[in-house]
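Open the model in your viewer and keep the selection tool at hand. The tour moves from one stop to the next, with something to select at each.

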Amino acid sequence: AKARGRNNFQYYDEALTARARLRVNLGNASHTACANKELELYYQPKVDLSSGEIIGAEALLRWRHPELGLLMPDSFIPITEENGTIVEIGDWVIRTAAQTAVDWNSKRLKPLKIAVNLSPRQFKQNDLAKQIEIALTQTSCRAEWLECEITESLLLNDEPGVQTTLQKLRAMGLSVAIDDFGTGHSALAYLSRFPIDVLKIDRSFIAQMGKNDRGTELVKAFTSIADALGMTTVAEGIETNEQAASLNGFGCEIGQGYFFGKPVALHDFNKHFL
Ligand code: C2E
Ligand code: CA
Ligand code: CA
Ligand code: CA
């Protein structure tokens with residue numbers, strides 16, 4: 001048992017070193033990922049739950065790494081948050097999404113809206129609103145075609161810069177959504193202090209629906225809070241027709257999830273959804 005313990009430790013140690021090495025490599029490589037055109041946005045449809053009509057998409061980042069293949073955001077975003085490259089990458093995400101919105105909406109009567117994820121570090125730069133304004137001007141994208149998804153944690157420690165940036169974005173015409181609603185250290189008080197348009201209910205609650213009455217009740221309660229405050233509700237992680245139907249019954253307006261479509265490359269999105 002002793003020997004096995006030692007082997008396990010050694011194995012663990014090696015795995016740890018490999019992971020640490022990968023982190024350093026990815027961190028270094030992330031500085032050039034933008035320039036090398038290794039980044040890509042995938043798009044996942046968002047659907048009006050009462051009509052079934054597509055109303056837009058969420059842009060989700062992918063990194064096509066030359067050696068490691070397609071990397072998912074959870075494997076590299078934390079590293080880029082730490083080393084600061086998220087700022088440049090985030091700017092690229094906004095520009096690329098804005099360009100896609102222009103391409104889609106030039107041929108449409110009813111515009112599609114694209115939601116982009118903004119990381120806390122990116123949001124705390126004091127010129128974020130200015131940066132977005134420049135991206136909109138350069139691409140001729142209308143502010144109404146973009147939505148910013150931010151997380152609760154950003155709103156919890158009442159930093160004055162955050163409030164100012166949110167107000168600027170709203171004044172420009174962008175909408176703001178709280179992502180993963182209900183999972184952070186939710187202090188609902190922030191809902192009265194910050195100008196928020198959309199509550200995006202975390203997919204963990206949607207997954208509990210039907211299996212667990214309390215999960216269902218929470219989703220209903222979130223929807224009525226949003227409604228009372230004049231906000232729109234989006235449910236993420238919808239995987240079944242039953243979930244979509246119940247959510248529509250509760251008054252949740254918008255749905256997103258594998259049931260409607262997985263995130264796909266732009267070319268495939270255009271082919272399948274437009
Ligand atoms: P998120 O914003 O909560 O995005 C939703 C995640 O849930 C996506 O994972 C999506 O593929 C997945 N998903 C969508 N529908 C379903 C479903 O029906 N079932 C299940 N099980 N999963 C579903 P993804 O693409 O791996 O993104 C992970 C996270 O990475 C995102 O979570 C977001 O926080 C972050 N992220 C993605 N793109 C960006 C970006 O451009 N900038 C920043 N800062 N973060 C990003
Ligand atoms: Ca999101
Ligand atoms: Ca989410
Ligand atoms: Ca999430």
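Begin by selecting Ile 201 and Ala 235: Ile 201 stands opposite Ala 235 in strand β8. Strands here are DSSP runs of E with at least two residues, helices are runs of H or I with at least four, and both are numbered from the N terminus.

Before going further, note that this is a predicted model, in which local features need pLDDT of at least 70 and side-chain atom pairs count only at pLDDT 80 or more, while totals for chains, interfaces and linings use all residues. Residues are numbered from 1 along each chain as its sequence is written, chains are lettered from A and ligands numbered from 1 in the order in which they are written, and side-chain values use heavy atoms, with hydrogens and water left out.

**Stop 1: strand β7 and its neighbours**

Now show β8 (residues 232-235) together with β7; the two run parallel and are joined by four bridges. Two strands count as paired if DSSP finds at least two bridges between them. Turn to β6, which also runs parallel to β7 and is joined to it by three bridges. Here Ala 177 stands opposite Val 198 in β7.

Are the residues on the two faces of β7 buried or exposed? Val 198 and Lys 200 on one side, and Leu 199 and Ile 201 on the other, are all buried. Buried means under 20% relative accessible area, exposed means over 50%, and partly exposed lies in between (1.4 Å probe, protein chains only).

**Stop 2: Lys 200 and its partner**

Select Lys 200 and Glu 58, whose side chains meet in a salt bridge, 2.8 Å from N to O. Lys 200 is in strand β7 (residues 198-201) and Glu 58 in strand β2, 142 residues apart. A salt bridge is a side-chain nitrogen of Lys or Arg within 4 Å of a carboxyl oxygen of Asp or Glu. Lys 200 has a relative accessible area of 0%, and Glu 58 is buried at 4%.

**Stop 3: the calcium ions**

Keep Glu 58 selected and show ligand 2, a calcium ion. Which residues are its protein donors? They are Glu 58 (OE), Asn 117 (OD1), Glu 149 (OE) and Asp 179 (OD), lying 2.1 to 2.3 Å from the ion. Donors are N, O and S atoms within 2.8 Å of the metal (3.2 Å for Na, K and Ca); water is not among the atoms, so sites may look incomplete.

Next show ligand 3, also a calcium ion, which is 3.9 Å from ligand 2; Asp 179 coordinates both. Asp 179 is buried at 8% relative accessibility, and Glu 149 is buried at 1%.

**Stop 4: two other salt bridges**

The count of salt bridges comes to 13. One of them joins Lys 110 to Glu 53, with the closest N and O atoms 3.5 Å apart. Lys 110 lies in the loop between α3 (86-105) and β4 (113-117) and Glu 53 in the loop between β1 (39-48) and β2 (54-65), so the pair ties together parts 57 residues apart in sequence. Lys 110 is exposed at 53%, whereas Glu 53 is partly exposed at 35%.

Finally, select Arg 95 and Asp 91, whose side chains meet in a salt bridge of 3.1 Å, N to O. They are four residues apart in helix α3, so about one helical turn separates them. Arg 95 is partly exposed at 28%, while Asp 91 is buried at 17%.
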